[in-house]
Amino acid sequence: MAKKRPQTKAKRPQITDGEIPVVGAREPCPCGSGRRYKACHGRAAAHAATELVHRPFEGLPGECDWVALRELVPAATVGLTLKGGLPEGVPAVTLATVLPMAWPALRRDDGSVLLGLQNDTSSGDISRDLADTLQRALEAEPGTPVQGRRAPADGPRLQDLLDPEGAFEPEVHSGFEFWVPDPENATPDVTASLERANAAAIPTVKLQGVDAAYWCETPEKNHLRWVMPHAEEQLLDALARLHAAGRSSLGEGTRLVGSFRAHGLTVPVWDLPSGVTAEDVEKPAAEFAERLAAALATDAPLTVDERRARGGLTNRQVTLN
């Protein structure tokens with residue numbers, strides 16, 4: 001039998017981990033290992049993409065309002081301040097709760113950027129996904145939307161791109177007319193999307209006297225949903241103290257009915273009679289904030305009644321993410 005000739009393999013160019021691009025899970029890994037991407041360098045990428053960041057907006061100005069705009073508010077916009085200022089040709093960057101056709105971002109004809117907040121994201125870090133979309137929007141051609149994609153695992157986060165000293169002042173709208181500066185010339189798709197969005201929007205108002213509290217109107221009753229920055233266990237203890245003492249309401253006919261978790265923060269919810277407006281709860285909310293501050297400063301053990309009240313609040317707690 002003829003001897004087999006030894007085969008020599010050509011040396012593949014060496015690629016460092018930081019240079020390996022993202023490819024399809026079943027494609028050969030670009031590192032040259034001969035294995036599929038999902039079984040090689042894709043493992044780390046997949047882990048980074050699915051690992052949940054519980055407080056993605058932590059460290060940003062207005063963290064509580066970021067959470068509210070992501071989960072509670074139908075139509076709102078906020079001007080964003082970038083580190084180092086705006087790039088040439090970009091007159092403004094605006095965060096919006098929702099964009100037409102659920103676009104992740106839009107570079108308008110005048111060069112300004114709209115960044116959508118309530119879109120589905122492909123990783124467990126909303127901040128990184130939004131930062132990737134924002135960067136691509138800043139470089140997009142004017143007049144074009146930006147499509148979603150999986151953000152690089154080592155890409156920047158919003159905390160890397162936004163000025164930590166910049167103001168975060170949401171403006172709540174009654175509808176989505178901010179989508180189109182010139183509604184008469186909007187495309188049929190955008191017009192139809194605008195009509196659907198306006199029809200589904202729940203009337204919402206941001207309170208002025210306290211931070212991150214939003215009144216909303218529903219057919220059966222109104223609500224106040226208040227995103228709070230305090231540690232969950234400490235906040236639940238404080239709410240239980242007030243609830244047991246009969247001091248957790250916002251006035252006659254109102255009731256603290258529970259809370260939910262969203263992006264690492266706790267959001268107490270009050271039921272309000274249908275006739276109670278946002279203006280009506282401004283003063284009661286400010287007074288409640290003072291009572292809550294005093295309860296948060298108390299470190300005495302909970303009484304039997306307070307523990308019972310805490311259990312009731314905890315049983316009615318829902319986690320949104």
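These legends accompany close-up views of a predicted model.

**View 1. Six strands make up an open sheet.** Reading across the sheet, the strand order is β5-β3-β4-β2-β1-β6, and the pairing is mixed. At the edges stand β5 (144-146) and β6 (171-172). Each of these two has a single partner strand, so one side of each is left without a neighbour in the sheet.

**View 2. Strand β1 pairs with β6 and with β2.** Here we zoom in on β1, which covers residues 76-79. With β6, the pairing is antiparallel and rests on two bridges; look for T77, which sits opposite E171 of β6. With β2, β1 also runs antiparallel, this time joined by three bridges. On that side, V78 faces L95 in β2.

**View 3. Strands β2 and β4 are parallel partners.** Four bridges link the two strands.

**View 4. Helices α6 and α8 pack against each other.** Two packed helices are described by the angle between their axes and the distance between the axes. For α6 (residues 232-244) and α8 (residues 304-315), the angle is about 115° and the axes are 8 Å apart. Their crossing is right-handed. From α6, the contact includes E233, L236, D237 and R241, while α8 contributes residues including D305, E306, R310 and L313. By type, the contact residues divide into six nonpolar, two polar and six charged.

How values were computed
Residues are numbered from 1 along each chain as its sequence is written. This is a predicted model: local features need pLDDT of at least 70, side-chain atom pairs count only at pLDDT 80 or more; totals for chains, interfaces and linings use all residues. Side-chain values use heavy atoms; hydrogens and water are left out. Two strands pair if DSSP finds at least two bridges between them. Axes are lines fitted to C-alpha atoms, for helices over the stretch in contact, and angles run from 0 to 180 degrees between N-to-C directions. A crossing is left-handed if the near helix is turned anticlockwise from the far one by less than a right angle, and right-handed if clockwise. Contact means heavy atoms within 4.5 Å. Ala, Val, Leu, Ile, Met, Phe, Trp, Tyr, Cys and Pro count as nonpolar, Asp, Glu, Lys and Arg as charged, and the others, Gly among them, as polar.
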